[in-house]
Every structure is written in structure tokens, then in C-alpha cells.
Amino acid sequence: MRYRSLGSSGLTVSALGLGCNNLGGRVDIEASCRIVSAALDHGITFFDVADVYGRRDAHAGASEEALGKALRGRRNDAIVATKFGMKMCAGEDTVGRASGASRSYILRAVEDSLRRLKTEWIDLYQLHCPDPRTPLEETLDTLDMLVRQGKIRYAGVSNLPAWQVVDACHIAQRDRLTGIISCQDEFSLLSRSAEKDLIPAMTRFGLGLLPYFPLASGMLTGKYRRNTPPPQGSRLAVWTYLQARYEAQEIWTLLERLEHLAASHDLSLTDLAFRWLLHHPIVGSVIAGATSESQVIANVSACSDMLPHDLWNELNALLAQQGPAE
């Protein structure tokens with residue numbers, strides 16, 4: 001395993017991170033503990049979760065609870081990142097009691113996450129989505145206070161548009177706040193919209209990127225085929241709403257060309273997907289979920305080497321044929 005600084009901060013993370021959204025829900029507590037243990041044993045130090053994870057199969061907070069139990073006795077070996085801001089309960093939240101980025105909500109949310117994670121501090125605390133009801137000044141000031149109190153080490157954001165990321169950095173500089181160090185956003189060979197505005201903005205302010213959906217919901221594993229129903233139990237079979245994202249014929253054409261290119265260099269499509277991401281200096285840790293120990297080990301193997309320079313050039317030429325990122 002290789003390790004990287006997250007942006008220009010002093011936080012060091014493993015090049016591959018474990019996405020913990022399956023823990024405590026799709027994966028039971030015993031299996032969750034085995035997955036986390038396998039990750040640690042294979043050099044993964046970065047564990048990404050969120051307060052809302054687990055609600056599909058259990059309840060909001062279940063994934064944080066599972067991660068807290070799995071890290072018992074090994075907390076100092078892990079960099080724990082969690083997120084706040086998305087709605088924690090069913091129904092409308094018109095007053096911001098169960099979601100958002102207000103001072104009152106953050107102060108409650110961080111205590112709940114600390115309790116569920118069974119820890120005294122969170123290494124990276126991230127705003128999960130924009131909150132149009134709350135000024136960024138209030139959110140950033142509250143996060144700065146939590147850093148000073150020692151309850152969090154660093155702050156980051158996720159799913160914010162580039163202009164809002166820039167705004168957050170300017171506000172932090174103006175008000176002399178600790179500010180954010182990272183953005184967690186979708187980025188993969190099949191989803192490159194971050195290249196247009198977000199990554200240039202992040203580069204300007206020295207932020208690190210934490211890509212999620214690195215395998216495009218499994219499309220970059222080679223398990224799916226054009227005009228063929230997805231395998232039973234696969235993500236696209238279970239989450240049918242995702243199928244519409246990848247039904248365009250040009251996506252399948254690109255996918256087949258990527259698979260051919262990978263094979264010509266004795267790589268799997270998954271190898272190509274992970275290593276392309278890690279070739280970007282702005283990437284800190286690639287967040288990949290897992291439902292088994294073997295999947296963790298396979299992901300670690302896929303991240304074990306960098307792309308050769310000639311393959312990087314071939315890959316970029318292929319992507320350029322698809323036109324600019326949308």
C-alpha cells in the first residue's frame with residue numbers, strides 16, 4: 001500500500017480507502033468486523049462513512065456503529081472520515097433539526113457521530129451536501145470551533161459545486177478559519193465532470209480529492225455486458241434506477257474500448273480504473289466499498305502499481321475521442 005498527503009494538509013491517507021456504506025446494513029456486524037480487519041491488515045488506513053449510511057437495510061447511523069465496533073482496539077491505526085448534513089429521518093425536515101449545516105445541527109450531529117463511532121475524535125468531518133438555508137460562514141466557523149476543541153482534526157466537503165468550494169476557501173482565508181482540506185465527489189473513467197470546474201478550483205486552493213464510485217457502480221469491473229440483463233444481486237440489478245445512467249450506447253462503446261485497452265496491457269478493467277484515478281496527483285485516497293474480505297484484497301491488488309507512461313497516454317487519447325468531460 002502507498003500513502004499520500006490529502007491535498008496540501010498534513011493528513012496522510014492510504015491510496016485506497018474503504019467505503020463503509022455497506023457496514024452494519026447490507027453487511028452484518030460480524031462480517032463488517034472481518035472486512036475492516038482485512039483492510040487494516042492490508043495497509044488501508046482511510047475509512048469513509050457517513051451518519052446516514054446503513055438506513056437502507058437497518059437505520060441511519062448503523063454504518064458508523066459498525067465501524068466503531070470494528071475498530072475497537074485499533075482506533076489509532078485508522079483515519080476515520082464521516083459526513084453530516086443529509087436527512088437522518090423520513091419525511092420533511094423544514095426546520096433543520098435532522099439535516100443541514102447550521103451551527104445547532106452540526107453540534108448535535110458531531111456528538112452523535114462520536115458516540116456511534118466510539119471515538120473521542122473524527123479525523124475528517126465532511127459536509128455531505130449543500131445547505132442553501134445556512135450561510136457558509138456559519139458552517140465554516142462551527143467546523144473551525146470543532147477543530148480547536150479537538151473533536152475533529154480536519155474538515156472537508158462533498159458534492160458541493162465548484163463555485164461553492166471556492167467560496168468556502170475564500171471565506172476561510174478572509175476570516176482566518178482552518179477551512180477545508182478536501183472534496184469528496186464522484187470521479188471515474190465513466191464520470192469525469194469534475195475535470196471541468198471542480199478539479200481546477202481544488203488545485204488552486206491545494207485541496208485533495210476523494211473520489212467515490214471509482215468503478216462507476218460496478219460498470220468498470222467487467223461484470224456487465226451490452227444488451228444483457230445485469231447479474232442477479234449486482235448493484236445495477238438491485239438499484240434499478242442506476243441503469244438509466246449507463247444505457248447510452250456510447251457509454252458501452254467506451255467501456256468495451258477501455259476493457260480492450262486494459263487487456264492489451266495485461267490488466268483488468270478494475271486495475272485500469274483504479275490506477276487511472278491514482279495517476280492524478282490531486283487524488284488522496286480512492287474510496288471503494290466492499291462486502292467481503294476477498295473484495296478488499298482484490299481492490300488493494302488493483303491499486304498496487306501505477307499506470308505506465310505509455311498506457312497513460314493511450315488512455316487519455318481514448319478519452320479525448322469521447323469529447324470533453326460534461
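**View 1. Arg192 in a loop of the predicted model.** With a relative accessibility of 14%, R192 counts as buried, where buried means under 20% relative accessible area, exposed means over 50% and partly exposed lies in between (1.4 Å probe, protein chains only). R192 has its place in the loop between strand 8 and helix 6 (198–205), and its side chain is joined to that of E195 by a polar contact of 3.0 Å. A polar contact is a pair of N or O atoms within 3.5 Å; within protein, one must be able to donate a hydrogen and the other to accept it, and residues adjacent in sequence count only if both atoms are side-chain atoms. This is a predicted model, in which local features need pLDDT of at least 70 and side-chain atom pairs count only at pLDDT 80 or more, while totals for chains, interfaces and linings use all residues. Residues are numbered from 1 along each chain as its sequence is written, and side-chain values use heavy atoms, with hydrogens and water left out.

**View 2. Gln184 in strand 8.** Q184 belongs to strand 8 (residues 180–186); helices (H or I, at least four residues) and strands (E, at least two) are DSSP runs, numbered from the N terminus. Q184 counts as buried because its relative accessibility is 2%, and a polar contact of 2.8 Å links its side chain with that of Q126. Not counting residues up to four places away in sequence, Q184 touches several residues, including D48, K83, Q126 and Y212, where contact means heavy atoms within 4.5 Å.

**View 3. Helix 2 and its cover.** Helix 2 (residues 62–70) is mostly covered, since seven of its nine residues are buried, namely A62, S63, E64, A66, L67, G68 and A70. Among the elements that cover these buried residues are helix 1 (29–41), strand 4 (46–48), strand 5 (79–84) and helix 3.

**View 4. Helix 3 against helix 4.** The axes of helix 3 (residues 103–117) and helix 4 (residues 136–149) come within 9 Å and cross at roughly 35°; axes are lines fitted to C-alpha atoms, for helices over the stretch in contact, and angles run from 0 to 180 degrees between N-to-C directions. From helix 3, R103, I106, L107 and V110 meet E138, T139, D141, T142, M145 and L146 of helix 4. By class, this contact has five nonpolar, two polar and three charged residues, with Ala, Val, Leu, Ile, Met, Phe, Trp, Tyr, Cys and Pro counted as nonpolar, Asp, Glu, Lys and Arg as charged, and the others, Gly among them, as polar.
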